[in-house]
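The sequence and the structure come first.

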Amino acid sequence: MGRGHLSRISAHLLALDAHDRYLRFGYSANDEQIQRYVDQLNFERDELFGIFNRKLELIAMAHLAFSVDPQCASCAEFGVSVSKPARGRGYGSRLFERAVMHARNEGVNQLFIHALTENTAMLKIARKAGAVIVRDGPESEAHLRLPPADFDSRVTELFNEQVAITDYHLKAQAKHFWGALGLLQEIRQGVRESREKAR
């Protein structure tokens, strides 16, 4: 995702309830704090991945934040959120796999996931990928060592990116078509009503 998706990113995060915000950010973020987070997203440095429904609403998103610490230049952090109605479909896992592939191809060898210990869904994703999880009271940190990029990882990412772009464009075209059809039906209904009144 890029800057053109900022309004959808903001809408997605603001729609999270208090508990989901707590799990995603590690604290009960209010609207102002979420908007500040969105405003500070760095699309030149980091990568954001999203899953959209047919209405082009963002229903799941992941943030892959690359380290700005020169001593940890090959590290990145992963965070994800999924809208409540879209849960249970594996979207979090799919975004994680997409982020891991991209991180590998960008030279990242260690991926971090900071999560509250009660965020079992996130920790399950990390554990399944082979991450080492260290618990410290209410917080947990997962460390996942990534293998170096290879031909297969690069081709897989290119393929996945093309599939994602195609899927988004098809949904955008379908939304435009149904919107135009709805408008046409409204016009026809208006013409019918005008004729009936004229009689």
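Two strands are said to pair if DSSP finds at least two bridges between them. Helices (H or I, at least four residues) and strands (E, at least two) are DSSP runs, numbered from the N terminus. In the hairpin of β5 and β6, 2 residues lie between the strands, and Gly 137 takes a positive phi near 65°.

The model is predicted: local features need pLDDT of at least 70, side-chain atom pairs count only at pLDDT 80 or more, and totals for chains, interfaces and linings use all residues. Residues are numbered from 1 along each chain as its sequence is written, and side-chain values use heavy atoms, with hydrogens and water left out.

**Overall layout**

The protein chain has 6 helices and 6 strands, in the order α-α-α-β-β-β-α-β-α-β-β-α from the N terminus on. Of its 199 residues, 37% count as buried; buried means under 20% relative accessible area, exposed over 50%, and partly exposed in between (1.4 Å probe, protein chains only). A contact means heavy atoms within 4.5 Å. Among contacts between residues at least 6 apart in sequence, 59% join residues at least 24 apart.

**Strand pairing**

| Strands | Bridges | Residue and partner |
|---|---|---|
| β1 and β2 | 6 bridges | Phe 49 and Ala 62 |
| β2 and β3 | 7 bridges | Ala 65 and Glu 77 |

Strand β2 is mostly covered, with 8 of its 9 residues buried. Strand β5 (residues 132–136) is hardly covered: the count of buried residues among its 5 residues is 0.

The hairpin of β1 and β2 has 5 residues between the strands. Leu 56 is found in this loop between β1 and β2, and its phi is positive, about 65°, although Leu 56 is not a glycine. Leu 56 counts as buried because its relative accessibility is 7%.

**Nonpolar cores**

A nonpolar core is a set of buried Ala, Val, Leu, Ile, Met, Phe, Trp, Tyr and Cys residues joined through side-chain atoms within 4.5 Å. The largest one has 30 residues, and Leu 64, Phe 78, Phe 96 and Leu 111 have the most contacts inside it. At least two residues of this core come from each of β1 (47–52), β2 (58–66), β3 (75–82), α4, β4 (110–116), α5 (120–128) and β6 (139–145). Helix α4 gives the most to this core, with 6 residues. Apart from this core lies another, of 15 residues, including Ile 34, Tyr 37, Val 38 and Met 61.

With neighbours within four places in sequence left aside, Leu 111 is in contact with Leu 64, Ala 76, Glu 77, Phe 78, Phe 96, Val 100, Ala 142, His 143, Leu 144 and Leu 146.

His 102 is found in helix α4 (residues 91–105). This histidine counts as buried because its relative accessibility is 8%. Not counting residues up to four places away in sequence, His 102 touches Glu 47, Phe 49, Leu 64, Phe 66 and Glu 157.

**The largest pocket**

Grid points are joined across faces, edges and corners, and a volume is the space filled by probe spheres set on the points.

The largest pocket has a volume of about 1,000 Å³. Its lining comprises 42 residues, of which Arg 24, Val 80, Ser 81, Asn 119 and Met 122 lie nearest its centre. At least two lining residues come from each of α2 (18–25), β2, β3, α4, β4, α5 and β6.

By class, the lining has 17 nonpolar, 14 polar and 11 charged residues. Here Ala, Val, Leu, Ile, Met, Phe, Trp, Tyr, Cys and Pro count as nonpolar, Asp, Glu, Lys and Arg as charged, and the others, Gly among them, as polar.

**An exposed loop residue**

Gly 88 is found in the loop between β3 and α4. Gly 88 is exposed, with a relative accessible area of 83%. The C-alpha atoms of Gly 88 and Ala 121 are separated by 9.9 Å, and the two residues are 33 residues apart along the chain.

Definitions and conventions: On a 1 Å grid over the protein atoms alone, a cavity is a set of points where a 1.4 Å probe fits but cannot get out, and a pocket is an open set with protein on both sides within 12 Å along at least five of seven lines; lining residues have an atom within 4 Å of a point.
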